[in-house]
Amino acid sequence: MQIFNSRKTEYKSKISAIATDEKVKLRIVVPRSMCCSGAHLAVHKDEEETVYYGMFWAGMCGNDEEYWELHFYATTPGLYFYHFELDTPWGKTMLKNVGGGIGDFNVDGTDFQQTVYDKNFKTPDFLKGGIIYQIFPDRFFNSGTPKKNVPKTRVIRNWGEEPYWQEQQMKGFWNNDYFGGDLKGIERKLDYIKSLGVSCIYLNPIFEANSNHRYDTADYEKIDSLLGNEDDLKSLCEKAKLKGISIVLDGVFSHTGCDSKYFNMYSRYDSVGAYNSKSSPYFSWYKFIDYPNKYHSWWGIKLLPEVIEENESYRQYICGKDGILRKWLKLGISGWRLDVADELPDVFLDDLRKAVKEENENAIIIGEVWEDATNKFAYGKRRKYLLGEELDSVMNYPFANAVLNFVKYGGADSFFNSIMSIVENYPPCVLNVLMNHIGTHDTERAITRLAGENSSGYGRPWQHEHNILSDGDYLKGVSMMKIASLIQYTLPGVPSLYYGDEAGMQGRKDPFNRGCYPWGNENKELVKWYRRLGEIRNGLSAFKTGEFIPMFSFYNTIAYKRVSKENEVLIAVNNSADTVDVYVGAEWDNAYNFFDPVSKDGYIRLDAYRYTVLSK
């Protein structure tokens with residue numbers, strides 16, 4: 001046996017975060033040859049002293065090993081880091097994490113992590129078991145509705161043309177090409193979206209702004225004129241709700257546009273902006289270094305002046321009783337996705353959560369965090385995003401990387417290690433609402449990343465030349481997308497589908513990944529595939545809150561279970577060129593199969609690059 005493994009229930013009774021006052025049983029298996037006379041659990045929180053808890057001898061494990069055990073719990077939320085220390089005739093021996101949750105007697109190992117969250121922490125139910133559809137509004141569908149009050153600097157393009165990517169194309173106005181997608185267009189395509197099994201639409205920013213991506217907010221109180229107006233958003237929310245679909249908006253609160261009513265660098269707005277006068281009501285929101293032309297901006301981009309989120313006036317404007325958050329929740333949206341959430345300080349996130357939950361306790365708050373959000377450092381300290389006081393969920397980049405790397409490069413053990421790290425660290429209520437994407441507006445299109453050359457280090461000219469896959473690579477990419485999406489749709493959390501991925505859209509990084517949806521030219525094979533995945537996911541309760549259990553890991557082949565009280569689902573994927581026999585146990589021999597391969601005498605035979613889903 002192993003000495004300790006934090007990802008196996010023989011050693012740790014709960015392979016997840018625990019709530020305050022919830023006990024977890026820890027067990028180590030010690031060789032008798034060590035002559036252990038005492039064992040201790042050593043635990044510390046950030047910036048706190050280590051506390052030692054004595055373990056009790058719990059009997060023999062065979063003839064050569066013995067059990068030492070204890071129950072651990074904590075009364076306050078936080079991250080608790082632990083290892084074990086043994087008393088032997090040769091002195092103290094430390095048992096630490098040597099990787100993958102495995103404990104060994106290695107002083108160079110690290111401490112194990114135990115997340116403890118507030119026992120009153122709950123996440124919204126409406127997203128659990130569902131499917132998210134992410135839409136970049138300008139590029140999804142143009143309803144043909146006449147557009148009013150459109151700024152003259154905007155260039156309206158023909159649907160389907162390549163987005164501008166050269167500076168000379170923009171003629172001094174960055175990201176000023178638009179294709180006319182609008183809110184009415186999304187409403188008209190609700191039947192199509194519903195056919196994919198979607199239960200939630202996440203919209204990239206829709207507020208007035210002067211770039212096509214709209215992350216340079218000009219007015220939080222208005223819908224951008226090209227997209228429509230408040231009535232259009234209200235209608236979209238109402239019509240979507242009738243189809244069982246919720247709407248989540250993008251909240252960009254760490255910065256505004258310099259061309260906004262708040263900063264007003266170009267005097268486009270009637271307001272007195274921070275750039276116009278130190279007497280502006282917005283002056284205290286910004287971080288001026290040498291007024292007015294030198295100021296802190298997001299990642300040094302002068303078009304995006306940073307906001308001081310701690311500022312009382314700004315917090316009231318966004319989070320107050322009559323603030324921006326509540327305004328749009330009242331209109332009918334079901335939550336917020338927070339842009340660069342790791343750049344928002346705790347005091348702002350605390351106010352934000354209070355405002356959102358007071359307005360609608362079942363509204364969702366999803367943060368953009370690219371790493372493991374439980375142990376993230378930002379603002380010079382450990383963040384508390386998922387302990388019950390701030391976020392409900394995050395965009396799950398660790399899962400995205402695990403899925404895409406496995407499908408592209410293989411590596412079953414690496415895949416499971418990445419998945420189990422999140423399963424182990426995140427509160428279960430968070431795990432069930434994680435936003436599990438494999439592509440977004442910030443990344444290459446999934447099919448391009450899977451089947452194309454690695455674009456790291458290459459600029460836009462190279463990306464332009466390599467934006468479209470060869471016919472052979474594209475066919476390979478379609479097959480790879482099926483495997484990647486099957487895994488994505490069956491992991492803990494909520495799969496998030498970036499508009500057009502289901503249609504086989506290609507694209508390198510921004511702006512190539514933000515093309516127009518190819519209405520009439522979709523890859524019908526992939527659309528049909530995603531509809532089938534939606535049916536499977538929506539029909540099985542195990543995908544709502546079911547436990548994740550790895551079953552088989554060999555080279556480039558994986559199998560895992562999702563287990564709930566109502567049913568169990570087994571997923572097996574052979575991502576290799578060889579036929580592999582996957583042992584899953586005879587209890588799966590009579591299970592219902594969604595794809596051809598079945599279990600016979602406890603084995604599933606998977607041909608090269610084949611997969612199956614069984615349910616019982």
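Tutor: The radius of gyration is taken over C-alpha atoms, and the rule for a globule is 2.2 Å times the number of residues to the power 0.38. Please keep in mind that the structure above is a predicted model.

Student: What radius of gyration would a compact globule with 616 residues have, and what does the protein chain have?

Tutor: For 616 residues the rule gives a value near 25 Å, and the protein chain has 26 Å, which agrees with a compact globule. Along its principal axes, the C-alpha trace spans about 85 × 55 × 45 Å.

Student: How many helices and strands does the protein chain have?

Tutor: The protein chain has 16 helices and 35 strands. Contacts also show how the chain is arranged: among those between residues at least 6 apart in sequence, 69% join residues at least 24 apart.

Student: How should I read burial, and what share of the residues count as buried?

Tutor: A residue is called buried when its relative accessible area is under 20%. Of the 616 residues here, 60% count as buried. The protein chain exposes about 25000 Å², of which carbon and sulfur atoms supply 48%.

Student: Which residues have the most contacts inside the largest nonpolar core?

Tutor: The general idea is that nonpolar side chains tend to be buried together in soluble globular proteins. In this structure, the largest nonpolar core has 131 residues, and Tyr133, Phe253, Trp336 and Ile487 have the most contacts inside it. Helix α14, residues 471-490, contributes nine residues, the largest share of this core. Another core, of 28 residues, lies apart from it and includes Phe4, Tyr11, Ile18 and Cys36.

Student: Is glycine 273 buried or exposed?

Tutor: Glycine 273 counts as buried because its relative accessibility is 0%. Its place is in the loop between β18 (246-251) and β19 (288-290). Not counting residues up to four places away in sequence, glycine 273 touches Lys261, Tyr262, Phe263, Asn264, Ser280 and Tyr282.

Student: How many positive and negative side chains does the protein chain have?

Tutor: There are 73 positive and 83 negative side chains, and the centres of the two sets lie 4 Å apart.

Methods
Residues numbered from 1 in each chain as written. Predicted model: local features only at pLDDT ≥ 70, side-chain atom pairs only at ≥ 80, totals over all residues. Heavy atoms only, no water. Core = buried A, V, L, I, M, F, W, Y, C linked by side-chain atoms within 4.5 Å. Buried < 20%, exposed > 50% of the residue type's maximum accessible area, 1.4 Å probe, protein only. Helix = DSSP H or I, 4+ residues; strand = E, 2+ residues; numbered from the N terminus. Contact = heavy atoms within 4.5 Å. Areas by Shrake-Rupley, 256 points an atom, 1.4 Å probe, with all protein chains shown as cover. Lys, Arg positive; Asp, Glu negative; His and termini not counted. Charge placed at Lys NZ, Arg CZ, Asp CG, Glu CD.
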